[in-house]
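Student: I would like to learn how to read a structure one feature at a time. Please go slowly.

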Amino acid sequence: MRKITYPPTERIDVTEEHFGRTVVDSYRWLENDAPDDRAVAAWIEAQTAVTRKHLDALPGREHFRKRIAQLLDYDRYTVPRKRGDRYFFNVIKGNENQLSLYVRDGVFGESRVLIDPKTWSEDGADALTDWSVSDDARYVAFGVQEGGTDWRTIKVLDVESGKELGDALDGARFTRLAWAPDGSGFFYSRMPRPAKGSSKGSVVANHAVYFHKLGTGQAEDRLIYSTPDRPELLHGADRVSGGRYLTISSTPGTSESALTVVDLEASDWTPRTVVADMDSAWSVIGNSGSTLILTTTHGAERVRIVSLDLSEENPEPKEIVAEAADGAVLDAVVLAGDTLLASYQIDVNTEIRRFTLDGKPDGTVDLPGVGSARFLEGDAKEAFFVFTSHDAPIAIYHYDLASKAVTPWAEPKLPIDLDSIHVEQRFYRSKDGTEVPLFLIRRKDVTSAAPTLLYGYGGFGISQIPIYNPIQLAWVEQGGVLAVANIRGGGEYGRAWHRAGQLENKQNSFDDFIAATEFLKRTGITSQDGLAIQGESNGGLLVSAVTNQRPELFDVALPGVAVTDMLRYDQFTGGGLWKGEFGSPSEERHFRNLMTYSPYHTIRQGSDYPAILATTADADDRVVPAHTFKYIAALQAADLGEKPRLVRTDTRAGHGAGMPIDKVIAQHADMWAFAAYWTGLKMLPTK
């Protein structure tokens with residue numbers, strides 16, 4: 001292909017002093033909102049024209065588009081939630097743009113659609129998000145997401161009639177929905193909306209929990225809990241089905257949280273904070289009378305199960321199940337009658353263990369294979385869990401508590417023969433000698449070096465568990481290798497693994513990822529000129545940062561919705577919530593650490609860079625597109641060799657959640673075709 005001529009980008013230097021260091025920000029004007037700034041809108045339009053010209057000419061693009069659509073053409077279910085004798089669950093059928101909400105009468109009864117978002121918008125960009133069913137199964141409260149934004153409008157549906165009530169609540173964001181026991185209304189979280197035209201520049205603040213009584217106006221909603229002295233905190237209210245207590249987790253954006261409870265049997269609903277500090281994570285499983293049962297990292301890096309007796313004036317945690325002695329990480333627990341069903345991660349694979357309420361081991365649950373599993377709902381008779389792996393689609397299983405029988409509840413029929421796919425787990429050593437897990441997925445007949453797509457995340461304690469991804473299998477089918485690195489910063493080995501890639505330790509995440517690329521090439525898995533790297537959000541930061549640090553290692557970089565300006569990330573929308581992960585740019589020790597890897601500030605002028613396709617979306621109000629725009633502008637202005645540095649901007653889309661399937665397909669067809677071309681992946685003849 002010919003060398004690309006990029007549209008001109010005006011350079012307007014903004015010079016600032018930070019702790020004795022001069023920092024020049026040449027493209028700050030790209031932070032302005034495109035709808036309100038014609039120069040930014042024109043820049044996006046010009047960049048899109050150049051990007052589309054390059055992508056549309058790629059030979060494999062149409063093949064990937066068709067094949068990804070075929071691979072997604074099956075029904076995907078979520079775990080059902082039982083209320084009364086009814087079971088509520090999501091389904092997305094085939095290539096439908098959005099998932100719908102269904103209900104069954106009886107565990108294996110006939111299903112009917114309750115909520116179908118297909119009718120909400122012509123382009124399919126409006127999505128059903130959070131939803132909660134009242135204990136008597138009479139009402140569903142649900143969130144509507146418009147065009148990818150993090151804001152929600154909450155509505156209510158009558159289950160029997162299928163008609164919406166008149167209730168419509170604005171301003172919900174980062175919310176859960178929890179019904180009062182009597183079904184009179186529900187709890188939710190909201191915050192003030194920013195002034196018109198400043199949505200991307202307004203930071204998240206003054207989050208609060210409210211109670212909405214059905215049939216009343218939102219102005220009458222009752223404030224339940226807020227922290228005006230700590231406006232930066234998020235407050236999430238929840239209640240397990242049939243539970244006595246509303247539990248409110250308050251967090252500055254980290255995994256750790258304070259815990260406040262509201263006794264819903266009391267008449268005054270007075271909030272009571274039982275854990276005031278934010279040094280540990282607390283998650284309520286349920287209650288037995290006035291005793292809460294929780295998981296916590298308090299006194300346990302890999303999580304334990306404890307109780308808090310709320311009849312005590314100052315309740316202290318009492319251990320039920322200790323931190324696992326074999327190194328397993330407790331991932332999730334469901335209280336099903338008098339049984340605790342606990343999911344543990346062991347080297348990033350799941351084992352489910354049963355315990356009695358007094359903590360005695362009670363066997364394990366037979367799983368369909370090696371992979372990821374988690375119980376999400378249960379009662380005294382039955383429970384449901386989800387199982388998946390890199391070569392096993394997400395399936396839902398019914399579990400009988402008494403007989404311990406496992407029965408398929410929803411098993412998808414796939415348009416692919418998974419017997420041709422080989423999955424293995426390998427371990428490699430990072431720069432400091434730490435052993436890091438790596439999953440490899442490839443066709444069984446691919447036994448020599450091949451172009452490889454390496455995926456990583458490494459942040460916020462989020463584990464990259466084995467999960468079926470048909471979009472990635474479109475790459476594997478063509479003879480490419482998919483590699484998933486479980487680098488530090490995630491939660492694969494508990495809180496210590498997270499902290500080892502957090503704050504001043506962030507470089508460990510990058511070193512782990514770089515070591516993965518060196519391992520892949522050293523062992524002959526990856527062809528020497530055939531490595532593409534991919535990641536979204538924090539993973540986009542990872543991809544951008546390592547590209548700057550070791551550009552010679554990579555042939556293609558695919559940073560998605562990436563955090564790239566580490567000096568100003570906290571100035572936009574929810575960025576301030578990430579200070580616990582990255583550190584505050586306003587503190588000198590954090591500033592100096594951030595400047596060592598901030599992608600926008602560490603581009604290596606004169607180096608030979610890989611081909612870069614950065615993806616973002618115009619309605620992303622979590623990681624605002626300005627991060628990507630400024631980063632691409634700086635790349636295009638630098639002398640980095642002849643490979644392309646392009647930006648692809650979706651419209652009416654956000655940070656990923658709720659993106660219509662047709663946009664997902666189009667985006668990944670572009671990405672895979674771009675990666676295939678610049679890694680030398682030979683496309684198979686189209687069938």
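**Reading the model**

Tutor: Ser 307 is buried, with a relative accessible area of 12%; buried means under 20% relative accessible area, exposed over 50%, and partly exposed in between, with a 1.4 Å probe and protein chains only. This is a predicted model, in which local features need pLDDT of at least 70, side-chain atom pairs count only at pLDDT 80 or more, and totals for chains, interfaces and linings use all residues. Residues are numbered from 1 along each chain as its sequence is written, and side-chain values use heavy atoms, with hydrogens and water left out.

Student: Where is Ser 307 found, and which residues is Ser 307 in contact with?

Tutor: Helices (H or I, at least four residues) and strands (E, at least two) are DSSP runs, numbered from the N terminus. Ser 307 lies in strand β22, residues 304-309. Contact means heavy atoms within 4.5 Å. Leaving aside neighbours within four places in sequence, Ser 307 is in contact with Thr 291, Leu 292, Leu 294, Glu 316, Pro 317, Lys 318 and Ile 320.

Student: Is Arg 176 buried or partly exposed?

Tutor: Arg 176 is partly exposed, at a relative accessible area of 39%. The loop between β11 (164-173) and β12 (178-179) holds Arg 176. Not counting residues up to four places away in sequence, Arg 176 touches Phe 187, Tyr 188, Ser 189, Gly 236, Ala 237, Asp 238 and Ser 249. Between the C-alpha atoms of Arg 176 and Lys 66, 110 residues apart along the chain, the separation is 37 Å.

Student: What should I know about phi?

Tutor: Most residues other than glycine have a negative phi, and most peptide bonds are trans. Asn 206 has a positive phi, near 60°. Asn 206 sits in the loop between β13 (185-190) and β14 (208-213) and is partly exposed, with a relative accessible area of 42%. Val 561 also has a positive phi, near 35°. The loop between β37 (556-560) and α7 (579-582) contains Val 561, which counts as buried at 9% relative accessibility.

Student: At what angle do α2 and α3 cross?

Tutor: Axes are lines fitted to C-alpha atoms, for helices over the stretch in contact, and angles run from 0 to 180 degrees between N-to-C directions. Helix α2 (residues 61-71) and helix α3 (residues 470-477) cross at roughly 130°, and their axes come within 9 Å. Angles under 35 degrees count as roughly parallel, over 145 as roughly antiparallel, 65 to 115 as roughly perpendicular and the rest as oblique. α2 and α3 are therefore oblique to each other. In this contact, Phe 64, Arg 67, Ile 68 and Leu 71 of α2 meet Pro 470, Ile 471, Leu 473, Ala 474, Trp 475 and Glu 477 of α3. By class, the residues of the contact are eight nonpolar, no polar and two charged; Ala, Val, Leu, Ile, Met, Phe, Trp, Tyr, Cys and Pro count as nonpolar, Asp, Glu, Lys and Arg as charged, and the others, Gly among them, as polar.

Student: How many helices and strands does the protein chain have?

Tutor: The protein chain has ten helices and 39 strands. Its radius of gyration is 25 Å, close to the 26 Å that the globule rule gives for 687 residues, so the chain is as compact as a globular protein of that length. The radius is taken over C-alpha atoms, and the rule is 2.2 Å times the number of residues to the power 0.38. Of the 687 residues in the protein chain, 59% are buried.
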